[in-house]
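Subject: Structure for your review

Dear colleague,

Please find the structure below. My notes on it follow.

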Amino acid sequence: MSHPPLSAADWLAHENAWLAPYAMRSRMSRGQRHPEDEHPFRSLYQRDRERIVHCTAFRRMTGKTQVLVASVNDHHRTRLTHTLEVTQVARTVARRLRLNEDLTEAIALAHDIGHPPFGHAGEAALNECLKAHGGFDHNLFGLRRVDELEERYPDFPGLNLSFEVRWAFVAHSGRTDAPECGEFRDAGSPLLEAQVVDVVDSIAYDTHDTDDALGLGLINLDELANVEFWNRAADRVRRHTPGLSGHPFRTAVVRELLAWQVTDLLEETSRRIEEANIRSVEDVRSTSSVLVGFSPEVRRLKAVLEQFLRGRVYKHHRVLRMTANGKRILQALFAEYLQSPELLPEKHLRRWAGADAVVGPPPPGWVTANRLPLPGLECVVGDYLAGMTDRYAQHEYRRLFLPSLEL
Ligand code: MG
């Protein structure tokens with residue numbers, strides 16, 4: 001028996017039948033900034049998800065620091081693999097809670113797209129450089145990236161994502177004062193799908209930063225034995241799989257930590273939704289309490305683990321040395337481009353000085369960016385630097401400051 005192929009309308013019916021009443025539905029979206037025809041068989045959020053995966057900033061996350069600069073070795077997490085871990089866990093959580101999995105996935109895939117090179121040190125460096133121009137926030141840069149800077153479509157700048165995926169950048173940043181946040185001010189509390197991504201982000205980095213730090217020898221199992229969360233997860237592993245040691249033991253404890261957090265999150269979130277009597281998306285938007293979260297016990301255990309990671313991993317001298325260099329690289333590049341904008345690649349120079357600044361016809365990608373008002377030089381340089389990978393920023397630094405005649 002043959003089945004008719006799935007249509008967009010079938011998918012909307014599926015959402016209605018399958019999702020919880022407090023889950024966001026595609027048909028309830030506030031839509032896109034530039035109206036487009038509906039796709040014949042993909043929902044709005046499915047299209048968002050696919051546009052994100054195909055954009056340049058998404059691919060560049062492969063070369064961006066999570067905690068450790070991307071070139072340290074080939075098996076610790078980068079921004080991209082962190083993003084994929086967050087996405088996988090967030091989808092599992094969304095499905096279990098009957099939330100909109102496509103929307104959750106799109107938000108998760110995009111959540112770190114605005115991170116500059118060199119992790120939080122890179123963000124701090126750019127924030128200082130741009131202090132007089134509103135500072136730098138990776139969430140708001142992520143929004144600008146998908147709204148303006150991606151050049152893929154002839155009819156509009158950016159990716160033209162749905163209101164809900166764009167809103168998640170602003171909800172995550174907490175910076176409601178910035179001018180670009182204006183259209184989201186009356187949106188209320190974040191959707192459950194956005195809250196899930198926010199919380200799952202912490203599940204992923206607490207767990208994999210511990211794993212990576214062990215793998216790189218920044219910390220050892222004896223030190224972790226003094227951290228209650230790790231120790232109790234290790235006890236569970238010893239009970240259900242006795243006799244493990246070394247690498248298999250480590251990976252089993254990491255898995256246990258992950259599973260424990262996810263299970264706790266699901267139970268506590270269901271409890272809160274029930275307790276707050278949440279029956280619709282409107283209820284989610286109008287409640288002031290955070291609905292997606294951990295039990296008090298897991299919150300406490302995570303806080304102690306995070307304190308340990310801050311002291312022993314994020315402030316480890318090997319990590320600090322690396323990130324201090326990253327910061328210096330960005331500061332030096334920023335100052336140099338500001339002083340000599342003619343060193344900027346043509347595409348970026350045009351954004352600042354307009355089409356007349358460069359002789360010759362505009363490059364094909366210019367057709368969309370050209371429709372936007374011209375930003376100041378600091379903003380153009382900040383955007384250029386924030387879009388770089390760790391490797392490209394180092395390469396650019398060498399090209400500008402080391403004695404070589406490389407073209
Ligand atoms: Mg993240």
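A residue counts as buried when its relative accessible area is under 20%. The model is a predicted one. By that cut-off His111 is buried, because its relative accessible area is 6%. His82 is buried as well, at 0% relative accessibility.

His82 belongs to helix H4 (residues 79-96), while His111 sits in the loop between helix H5 (101-110) and helix H6 (119-129); the pair is 29 residues apart and links distant parts of the chain.

Helix packing. Helix H11 (residues 228-240) and helix H14 (residues 296-314) have axes that come within 7 Å and cross at roughly 115°. H11 is therefore roughly perpendicular to H14. On the H11 side the contact involves Glu228, Phe229 and Arg232; on the H14 side it involves Glu297, Val298, Arg300, Leu301, Lys302 and Leu305. By class, this contact of H11 with H14 has 4 nonpolar and 5 charged residues, and no polar ones.

Aromatic residues. There are 7 aromatic pairs in the structure. One of them is Phe163 with Trp167: the ring centres lie 5.9 Å apart and the planes are at 45°, so the pair is tilted. The two residues are 4 apart in helix H8 (residues 163-173), which means that about one helical turn separates them. Phe163 and Trp167 are both buried, and together with Phe184 they form one aromatic cluster.

Regards

Notes: Residues numbered from 1 in each chain as written. Predicted model: local features only at pLDDT ≥ 70, side-chain atom pairs only at ≥ 80, totals over all residues. Heavy atoms only, no water. Buried < 20%, exposed > 50% of the residue type's maximum accessible area, 1.4 Å probe, protein only. Axes fitted to C-alpha atoms, helices over the stretch in contact; angles between N-to-C directions. Parallel < 35°, antiparallel > 145°, perpendicular 65-115°, else oblique. Contact = heavy atoms within 4.5 Å. Nonpolar A, V, L, I, M, F, W, Y, C, P; charged D, E, K, R; others polar. Phe/Tyr/Trp six-rings, centres within 6.5 Å; stacked < 30°, edge-to-face > 60°.
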